[in-house]
Structure formats: structure tokens, C-alpha cells
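Work through the exercises below with the sequence and the model at hand. Each task is followed by a solution in steps.

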Amino acid sequence: QEQLVESGGGLVQPGGSLRLSCTASGFDLRYYAIGWFRQAPGKAREGVSCISVGHSRFYLDSVKGRFTVSRDNAVNTAFLQMDSLKAEDAAVYYCAAVRVVAGGVCYMDPEHYYDYWGQGTPVTVSS
């Protein structure tokens, strides 16, 4: 079965860190651009970061310097390292994958077509 599965969410204190994983099964993630998105209660889904096939990285301004996106094709997984977490980072985080031809592109627009979406993993930031 072809799917993306996120993991690594949880409860963390402000200033803490979490690392989210996005693991693909049934398809080879190396040919796919990856996007990370989040949705807080009552808010629209927003793009947080993305990483291209060629490892180009892009970030939402509010997470630059705190979040780091990466991928390890050997284990068919993408990661989102989140440091210095703030209360406003709390949301359900999703990853998505889209097969691309160009190695340098990825998409942070949640309205962009993606081949696969994960089920989401919740992140709570609270003391």
C-alpha cells in the first residue's frame, strides 16, 4: 500500500525541540518533492517548509532559523527538526509528496497538487 506516515509529534515546552518524520511506503521517495504543512484549530492549513529532490530547502518566514527540513532517501524518510518551539507552532503537522521532474522545485502551497498526504501528527507547545 502506497502511503506516507508521519511520526514524532507530541507535547513539548516552549523553547523545546521535536523531530518529525515522514516515512514513505510502497513508493520511492527519492523522486518526490516533500512539503511540510500545519493546521491549527480554526485556521487554514499553511506551508511550513519543503525540500526538493535535489535537497533545495524553503521555509515559512516565521520558522526560519528554528526549523530544518531534511531527507534520507536510504530510509525513504523526510524529517522536520523543530527547535525553539513557540506556542504559535502548535498544530497538526502534515507531510505531502509530489513526483517531480525538476530537481530543484518543491511546493509550500497547500493548494498545490500532491500525490500523497500523511495522516498528520499533533504538536502541542505548552508549559
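**Exercise 1.** Is the link of Cys22 and Cys95 right-handed or left-handed?

Solution. The model is a predicted one. Start with the bond: the sulfur atoms of Cys22 and Cys95 are 2.1 Å apart, and the two residues form a disulfide. Next take the angle about the S-S bond, which is 80 degrees; the link is right-handed. Finally, Cys22 and Cys95 are both buried.

**Exercise 2.** Find the partner of Cys50 and describe the bond.

Solution. Cys50 is joined by a disulfide to Cys106, with an S to S distance of 2.0 Å. The torsion about this S-S bond is about 55 degrees, so the disulfide of Cys50 and Cys106 is right-handed. Cys50 sits in strand β5 and Cys106 in the loop between β9 and β10 (116-117), so parts 56 residues apart in sequence are tied together. Both cysteines, Cys50 and Cys106, are buried.

**Exercise 3.** Is Ala44 buried or exposed?

Solution. Locate Ala44 in the loop between β4 (32-39) and β5 (46-51). Its relative accessible area is 63%. Exposed means over 50%, so Ala44 is exposed. Beyond its neighbours within four places in sequence, Ala44 is in contact with Arg38 and Gln39.

Conventions:
Residues numbered from 1 in each chain as written. Predicted model: local features only at pLDDT ≥ 70, side-chain atom pairs only at ≥ 80, totals over all residues. Heavy atoms only, no water. Helix = DSSP H or I, 4+ residues; strand = E, 2+ residues; numbered from the N terminus. Buried < 20%, exposed > 50% of the residue type's maximum accessible area, 1.4 Å probe, protein only. Contact = heavy atoms within 4.5 Å. Disulfide = S-S within 2.5 Å.
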